[in-house]
Amino acid sequence: MTDSSRIVSPGADLAVEGRELVAQVLRTADVVVSYEIFDDAIAVWTMEKNGTLQVRTIFISPDSLALLVGGFRMLLGVDQATRVLAARGDALERGSVAAVAANADWRTAGRRLRQLLLPDSVSALFTKGRQVVIIPAGAIAVVPFTALPDENGDGVLSDVVAIRYAPSIATLVAAENQALSTTQSMLIVSNPTMPQATSASGMRVQLGSLPGAEAEGADVARRLSTTAVKGMAATESMVRQRLPMARVIHIASHGYAYSSEALARNSFIALSPDAKNDGLLTVREILAILR
């Protein structure tokens, strides 16, 4: 429930601490689904608002799991995202994804992955509330749960319930317990002037503009009584400067997540390039900024 660097005091009652953490996170979420990966199995913990806690064991090796996850991502096209977004960014935003639509195998792969990670007893919990928190592990961290097929097969999970992600319950609780002081603590970025990126094949590509993301940022800013930063003003240097002080961060732009754990820290968010930075704010850089 906490990060690996946390030191537990001798004699601490971890069961009591765990129940307190779960109670806090369930103030805003209806269901929490947390995963642990072992040598030959996955443990799936589910926590409901009424206090029900269940653990289910799914027998599969990490390597087999990684193959299923990789296959689903490949059929969705997300592992070739930089090339696809550059070529058809506007079409993607409008929902016209010809390569994916023409390949119905992604639904078959998605159903198989859903049945593995969300067996019937877990999947049924998604209909009990409006918000589910997913706490992934290992290869599960790159599963786009929102894109998994729903039970009817003609939609996706994001049609059914709002899904949030967190690295741990303790991290989520700590983030939600931070009080918001002023609108200056909010960083809303939408549709930066896009940079170039390198595709999986090594080709340099220009990421396309996202007018819908600009509208999204404007709507979020209006709801929070603040202003969105967009276009050329939404530089990587500006975000780097404001990131440590921001309590609410909403970035509506392109992003790319590598499925390989070896490359995970090279995953990036696209921002406007400037004289100091290339506009690709990576996970590695974010960790260094916030350390």
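In the predicted model, Ile286 is located in helix H10, which spans residues 283-290. Beyond its neighbours within four places in sequence, Ile286 is in contact with Leu243 and Leu281. The C-alpha atoms of Ile286 and Leu243 are 8.5 Å apart, while the two residues are separated by 43 residues in sequence.

Thr235 occupies the loop that connects strand S9 (229-231) with helix H9 (236-242). With a relative accessible area of 13%, Thr235 falls under the 20% limit and is therefore buried. When neighbours within four places in sequence are set aside, the contacts of Thr235 are Leu271, Ser272 and Asp274.

The largest nonpolar core comprises 36 residues, of which Tyr35, Leu117, Phe126 and Phe145 touch the most other members. At least two residues of this core are supplied by each of strand S1 (31-37), strand S2 (41-48), helix H2 (62-76), helix H5 (105-117) and strand S4 (131-135). Helix H2 provides the largest share, six residues. Another core, of 14 residues, lies apart from the largest one; its members include Leu21, Val22, Leu26 and Ile169.

How values were computed: Residues are numbered from 1 along each chain as its sequence is written. This is a predicted model: local features need pLDDT of at least 70, side-chain atom pairs count only at pLDDT 80 or more; totals for chains, interfaces and linings use all residues. Side-chain values use heavy atoms; hydrogens and water are left out. A nonpolar core is a set of buried Ala, Val, Leu, Ile, Met, Phe, Trp, Tyr and Cys residues joined through side-chain atoms within 4.5 Å. Buried means under 20% relative accessible area, exposed over 50%, partly exposed in between (1.4 Å probe, protein chains only). Helices (H or I, at least four residues) and strands (E, at least two) are DSSP runs, numbered from the N terminus. Contact means heavy atoms within 4.5 Å.
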